[in-house]
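Student: I've got the model open and want to go through a few of its helices with you. Can we take them one by one?

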Amino acid sequence: MAGAESIQKGGLSDGGMNIACVTDAWKPQVNGVVRTLETVAREAEALGHRIHIIHPGQFRTLPCPGYPEIRLAAGCRRELGRRLEALGANRIHIATEGPLGLAARRWCLRNKQAFTTSLHTRFPEYLHARCRLPLSWGWKAMRWFHGPARGVMVATPSLKRELRERGITNTRSWMRGVDTKLFRPGLPVPAALGDLPRPILLCVGRVSVEKNLPAFLELECPGSKVVVGDGPRLEKYRARYPQALFTGAKFGDDLAACYAAADIFVFPSRTDTFGLVMLEALACGTPVAAFPVPGPQDVLRDPRAASMDSDLSKAAARALTLDRGDCRRYAEQFGWERCARRFVRNLSP
């Protein structure tokens, strides 16, 4: 398999697909894209398919401008082509719009190989927030990148509608899931959170400009604010908001324990296409407060589990009144096997 990372619990079943998944986001990055791809690959293997992950760790890399902890593949076009040829995959999925995604798109078009893509991030809004790049330029680039794809996988109905309005019409629905065995209620309270004044308001994610963290950190409400995650704004926000606790990144049971210890989970982002962290919080029995924007509006469909308001402080106050059992029961509806089955189905003609 010439260097591609393959998750192989067994051989291909009758009718199983040999899938190459090209992604610029992979471990050690910690984000919803990586967790989704890693889990879906494992579930798809259990269904009798084989998935080869092609990621930046297999190439020479350079730091991403503004995000030095993220490594991007450099000069990867020829090597990527050799890897794809060696794999002989009968399905190719391009998960991201970075250097590897661009190289894979080029290879597929030159070799008349059909492919699918997925849209995980609203890059036009992200680039506009970071460097004021006009939104129209960003969406023109997105139409160019995704236009030749057999299908563009999107996580929510509202994102699907938005993309159609933006001129990206070849969309296919692809929901997300949550590991309800890992993310669960009743875990021991982490020592760092044990003595904090209640209620504890938690936010988990990259500490970066597009996550809109000041909307959370500047909430006027009693209790304590906790941010779990790393990112380029971490030290800046630590200095600006000394009353908040910044723990850095957490993983596995340590992350789940933070969710379970919180009284509410606050999701301040206005640009995420889904927000997997909201499901992780709900699975731990923690109610969610968010803005009523695409993403939260699609995920948080039960008012017994979450509260949305254009005034985030009002959403947080109401979330504190919700029943944690209702939150857990709502999250249990989102299974990863169903997500993997839809992913595989979307790869077919």
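Student: Which residue with a positive phi follows H4?
Tutor: This is a predicted model, where local features need pLDDT of at least 70, side-chain atom pairs count only at pLDDT 80 or more, and totals for chains, interfaces and linings use all residues. Residues are numbered from 1 along each chain as its sequence is written, and side-chain values use heavy atoms, with hydrogens and water left out. Helices are DSSP runs of H or I with at least four residues, strands runs of E with at least two, numbered from the N terminus. Phi is positive, near 60°, at the residue that follows H4, Arg-132.

Student: What do the buried residues of H4 pack against?
Tutor: Buried means under 20% relative accessible area (1.4 Å probe, protein chains only). In H4 (residues 123-131), that covers Pro-124, Glu-125 and Tyr-126. They pack against strand S5 (67-73), helix H5 (135-146) and helix H6 (157-165).

Student: How do H11 and H14 sit, parallel, antiparallel, perpendicular or oblique?
Tutor: H11 (residues 276-283) and H14 (residues 324-331) pack at about 125°, axes 7 Å apart. Axes are lines fitted to C-alpha atoms over the stretch in contact, and angles run from 0 to 180 degrees between N-to-C directions. Under 35 degrees is roughly parallel, over 145 roughly antiparallel, 65 to 115 roughly perpendicular and the rest oblique. So H11 is, relative to H14, oblique.

Student: Which residues of H14 make the contact with H11?
Tutor: Contact means heavy atoms within 4.5 Å. H11 brings Leu-279, Leu-282 and Ala-283. From H14 come Cys-327, Arg-328, Tyr-330 and Ala-331.

Definitions and conventions: Buried means under 20% relative accessible area, exposed over 50%, partly exposed in between (1.4 Å probe, protein chains only).
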